[in-house]
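Let's take a walk through this fold together. Have the viewer open and follow along as we go from one element to the next.

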Amino acid sequence: MAISFTSAVADFDQKQFDALDRTAGFASSYTRLLQKEQDPRWISRYLWWAEDDRLRAAIPVYRSRMSSWPDPRYDPRSWGLPDGAGDDCTPRASLLVGGCGDRRTGLHVDVESRTPDTLRSLLVELARFAADEDRCLVFPYMHADARNALDAATDDRITWVELPREAHVFGLADPEWENRLPRRVRRTLRQDRRRIAATPVTDGVAGGGALSWDEARPWAAELISRQHTAKGDPEPPEFVDFRYSDLQENPDVDVIVFTARSPTLRGVATAVVWADEMEVCEFGLSGENDEEHLAVYISVGFHQPFQYAQARGINHLRYGRTSEAPKAIRGAVFTENSNGVLGIDETKRLARRGPDG
């Protein structure tokens, strides 16, 4: 089993790479990780293994060049891990496995290779790489299947903390999607449409369409910035614009904006389309939490994305990890996610064990 490191995702075939794990969507896709390689704050490497000309694993790992975390949500010391498990995981003492941005991570190992023995062989190589620089292994924003495979390969030595669940809506490409939903969900969607019509709310683009980020940016970035500030997480409009302008450079995604107006309010919701799925990313809403505000919110956040997806055969919508209740009552289902750490001592112990130890 010849395992090697490389510094460029371009060394792999794109289709083979993306086929290894699609659970994180565009956030861990070939072209998105190619963009991450250009970020001067990180040093990227890929642990890879191929068999019979078939790529079986290509695990991205990241070392920070900075003394502080570029995104504080990746700081293990802020995760609330039990017994201070992440206290030693500073930016200079961490090797991030899978991803360093977008707060979703794939484990790029094909399903057949996620047996405890095979995955342990790969993790031993990662542990040796980390141990040589006195680093811990950090597993940010992992989905449940990846967590279970990692636990089996490490004898449950990774310390985890559960995250809020990620919301998904599946099956939108089916013309009978709404008819197949539970009765209470169908009732909510009908009530939504009546509320939108009674307010009234006008879609920014008629017929289930959307604007590009370039068309919406003059005012969308400001609305999203205000929303962040209202929630205690201030972000200047120019930072919002930078994030979406960066995403627009990705050749495999479309950045779109749903917009709506009511008599006194305006709202936006951003989304990213990749392959046959779409992620609804952020909201920007003016006004207070009254009936008019609610009508604008459900228009840009749910009904316009549903219409857009159905018109284009998009089967899967992602809805992030916040506000479970309004998503659940509109047809969302939820998946488990976790952050994990293998401390420096445990990483060194794994490195010494060897793949059979």
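In which hand, left or right, does α6 pass α7? The crossing is right-handed. Before we look at the details, please keep in mind that this is a predicted model. Helix α6 covers residues 213–230 and helix α7 covers residues 237–248; the two pack at an angle of about 135°, and their axes lie 8 Å apart. An angle of that size makes α6 oblique to α7. If you want to select the contact in your viewer, α6 contributes Trp-213, Asp-214, Arg-217, Ala-221, Glu-222, Ile-224, Ser-225 and His-228, while α7 contributes Pro-237, Val-240, Asp-241, Arg-243, Tyr-244, Ser-245 and Gln-248. Sorted by class, the residues where α6 meets α7 come out as six nonpolar, four polar and five charged.

Helix α5 (residues 183–198) packs against helix α8 (residues 291–312) at an angle of about 120°, with 9 Å between their axes. Here too the angle makes one helix, α5, oblique to the other, α8. The crossing of α5 and α8 is left-handed. On the α5 side, the contact is formed by Leu-189, Asp-192, Arg-193, Arg-195 and Ile-196, and on the α8 side by Glu-291, Leu-294, Ala-295, Ile-298, Ser-299, His-303 and Phe-306. This contact between α5 and α8 holds six nonpolar, two polar and four charged residues.

Now let's turn to the strands. Seven of them build an open sheet of mixed pairing, and reading across it gives the order β1-β2-β3-β4-β5-β15-β6. The edges belong to β1 (4–6) and β6; each has a single partner strand, so one side of each has no neighbour in the sheet. On average, and with direction ignored, neighbouring strands of this sheet are turned by 25° against each other.

Strand β3 spans residues 54–64, and ten of its eleven residues are buried, so the rest of the structure largely encloses it. What does β3 pair with? One partner is strand β2 (residues 42–51), which runs antiparallel to β3 and is joined to it by ten bridges. Trp-49 faces Ala-57 of β3 in this pairing. β2 and β3 form a hairpin with two residues between them, and in the turn Asp-52 has a positive phi of about 55°. β3 also pairs in the antiparallel sense with strand β4 (residues 94–97), this time over two bridges. There, Tyr-62 stands opposite Leu-96 of β4.

At the β6 end of the sheet, four bridges join β6 to β15, and these strands run antiparallel. Trp-160 has Gly-340 in β15 as its bridge partner. Helix α10 (residues 344–353) lies across β5 and β15, running at about 75° to β15.

The loop between β14 (333–335) and β15 (337–342) is where you will find Glu-336. Leaving aside residues up to four places away in sequence, Glu-336 touches Met-142, His-143, Ala-144, Glu-162 and Arg-165. The C-alpha atoms of Glu-336 and Thr-105 are separated by 12 Å, although these residues are 231 residues apart along the chain.

Next comes helix α4 (residues 144–154), where Ala-146, Ala-149, Leu-150, Asp-151, Ala-153 and Thr-154 are buried. The cover over these buried residues of α4 includes α3 (116–131), β5 (136–143) and β6 (159–162). Just after α4, Asp-155 adopts a positive phi of about 55°.

Our last stop is strand β12 (residues 277–285). Eight of the nine residues of β12 are buried, so to speak mostly covered. Strand β11 (residues 266–274) runs antiparallel to β12, and seven bridges join the two. Ala-271 stands opposite Val-280 of β12 in this pair. β11 and β12 form a hairpin with two residues between them, where Ala-275 in the turn has a positive phi of about 55°. β12 also pairs with strand β13 (residues 316–318), in the parallel sense and over three bridges. In that pairing, Met-278 stands opposite Leu-317 of β13.

How values were computed: Residues numbered from 1 in each chain as written. Predicted model: local features only at pLDDT ≥ 70, side-chain atom pairs only at ≥ 80, totals over all residues. Heavy atoms only, no water. Buried < 20%, exposed > 50% of the residue type's maximum accessible area, 1.4 Å probe, protein only. Pairing = 2+ DSSP bridges. Axes fitted to C-alpha atoms, helices over the stretch in contact; angles between N-to-C directions. Parallel < 35°, antiparallel > 145°, perpendicular 65-115°, else oblique. Left-handed = near helix turned anticlockwise from the far one by under 90°. Contact = heavy atoms within 4.5 Å. Nonpolar A, V, L, I, M, F, W, Y, C, P; charged D, E, K, R; others polar.
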